[in-house]
Amino acid sequence: MNSILIKTYTLKILNKDNLFWVAKIVLATTFLYFLFNYIKVEKISASLKEANYLLIIISFLLSFANILLQFFKWKIICNKVIDEKSDRKILSSLLIGIAGGLVTPFRAGEYIGRNLPFKNNSVIEISLATFVDKICNLFIILLVGSFATLLFVQFYYNLSIYFVLLIATLLISLFFLCFLLIINGNFRDIFKTRIKKFKWFTKYFNELKILKNISQGLILEIIFLSLLIFGCYIMQFALLISAFSHQFNFINYVWIGILVIFAKTIIPPITFGELGIRESASVFYITKMGLVAAVGFNAAIFLFLINILIPSIVGIFFLLKRDRQ
């Protein structure tokens, strides 16, 4: 049943979204083409040649810490939610999921990719476990990113301090309410009640029983690890900006990193690997803060290479190895 569901969903994605997949590549190419024309290829090339490669290497090494933190988080979820203990399967699931998310519209393939190594669990169960992982990531990015963006707007566009304080108060209230909903056990019961109303889910309703394994302590643990992963990601970006700019205004670079990740998150993933969106946001914020556009472009591209493309290639290796077996 599990394999039939996977094949069904995979075929639906491939059949319905081939056009979207091509469109994502075209859009990414278009974004990058305009960025190349805006920044000038020679400036991008000069920034690459003059880069501090030691800082790039340190940023690359941090990607292993990033993957390790993601693995620990996914392992905790798998252990406690779906009762899966195999580290090999959990790591394979994580990396195949990254690869699947890279090439599918709205990263839908990540949910299916994470399911592939697990033969004893259904698509619904793994999707719910993945959703727990992703919603905690989203909570951290929106929380930190919204305040960083509010600060940016206040600093560069001279908004009224009273307006800023009002928005900040509303944001604090909203995120506090969301946090209470996430950790509240009653919210899971409401979720199950709502799901039961959809006929498509009724025959799979027993698989929602894994929701009882999602405790308040587990959610707090996952949110904490999501914060560490986010911090590691931002640190990598700050190091890359320093590498290409030869300046060390680290607080500003961390701020830029938060703004870029927030912008990338709230903008729909309409391009392949979000190429062009990340780079455009990076160029915008970096030039606003007085740095050269080529620095922002190169930092964003390298962030994509070391955190998404390389893990995706490893994920494809795991997938091919699994298929041969």
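Visitor: How is the lining of the largest pocket divided by class?
Guide: The lining has 17 nonpolar, six polar and eight charged residues, where Ala, Val, Leu, Ile, Met, Phe, Trp, Tyr, Cys and Pro count as nonpolar, Asp, Glu, Lys and Arg as charged, and the others, Gly among them, as polar. Please keep in mind that this is a predicted model, in which local features need pLDDT of at least 70 and side-chain atom pairs count only at pLDDT 80 or more, while totals for chains, interfaces and linings use all residues. Residues are numbered from 1 along each chain as its sequence is written, and side-chain values use heavy atoms, with hydrogens and water left out.

Visitor: How much space lies in the largest pocket, and which of its lining residues are the closest to its centre?
Guide: The space comes to about 940 Å³, a volume being what is filled by probe spheres set on grid points that are joined across faces, edges and corners. Among the 31 lining residues, Arg 107, Lys 134, Asn 137, Ile 141 and Lys 264 are the closest to the centre.

Visitor: What makes this space a pocket rather than a cavity?
Guide: The work is done on a 1 Å grid over the protein atoms alone, where a cavity is a set of points that a 1.4 Å probe fits but cannot leave, whereas a pocket is an open set with protein on both sides within 12 Å along at least five of seven lines, and a lining residue has an atom within 4 Å of a point.

Visitor: Which element gives the most to that lining?
Guide: Helix H6 does, with eight residues.

Visitor: What makes Phe 244 and Phe 302 an aromatic pair, and how are their planes set?
Guide: The structure holds twelve aromatic pairs, and in this one the rings lie 5.3 Å centre to centre with 55° between the planes. Rings of Phe, Tyr and Trp (its six-membered ring) pair if their centres lie within 6.5 Å, with planes under 30 degrees apart called stacked, over 60 edge-to-face and the rest tilted, so this pair is a tilted one. Phe 244 belongs to helix H10 and Phe 302 to helix H13, 58 residues apart, and the pair therefore links distant parts of the chain.

Visitor: Is Phe 244 counted as buried or exposed, and what of Phe 302?
Guide: Buried means under 20% relative accessible area, exposed over 50% and partly exposed in between (1.4 Å probe, protein chains only). Phe 244 counts as buried because its relative accessibility is 5%, while Phe 302, at 22%, counts as partly exposed.

Visitor: Which residues do ring pairs link into a cluster?
Guide: The cluster consists of Phe 152, Phe 155, Tyr 156, Tyr 157, Trp 255, Phe 284 and Tyr 285.

Visitor: How do you know that the charged end of Arg 114 sits over the ring of Trp 74?
Guide: The charged end is 4.4 Å from the ring centre, and the rule asks for NZ of Lys or CZ of Arg within 6 Å of that centre and within 35 degrees of the ring normal. Arg 114 lies in helix H5, and Arg 114 is called buried because its relative accessible area is 1%.

Visitor: What joins the side chains of Arg 114 and Asp 133?
Guide: A polar contact of 2.8 Å joins them, and the term covers a pair of N or O atoms within 3.5 Å, where within protein one must be able to donate a hydrogen and the other to accept it, and residues adjacent in sequence count only if both atoms are side-chain atoms. Asp 133 is also 7.7 Å from Lys 73 between C-alpha atoms, although the two are 60 residues apart along the chain. Lys 73 has its place in helix H3 and counts as buried because its relative accessibility is 2%.

Visitor: What polar contact does the side chain of Arg 278 make?
Guide: Its partner is the side chain of Glu 279, at 3.2 Å. Arg 278 is found in helix H12, and Arg 278 is called buried because its relative accessible area is 0%.

Visitor: Is Asp 83 counted as buried or exposed?
Guide: Asp 83 counts as exposed because its relative accessibility is 58%. This residue lies in the loop between H3 and H4, and Asp 83 has a positive phi of about 60° although it is not a glycine.

Conventions:
Helix = DSSP H or I, 4+ residues; strand = E, 2+ residues; numbered from the N terminus.
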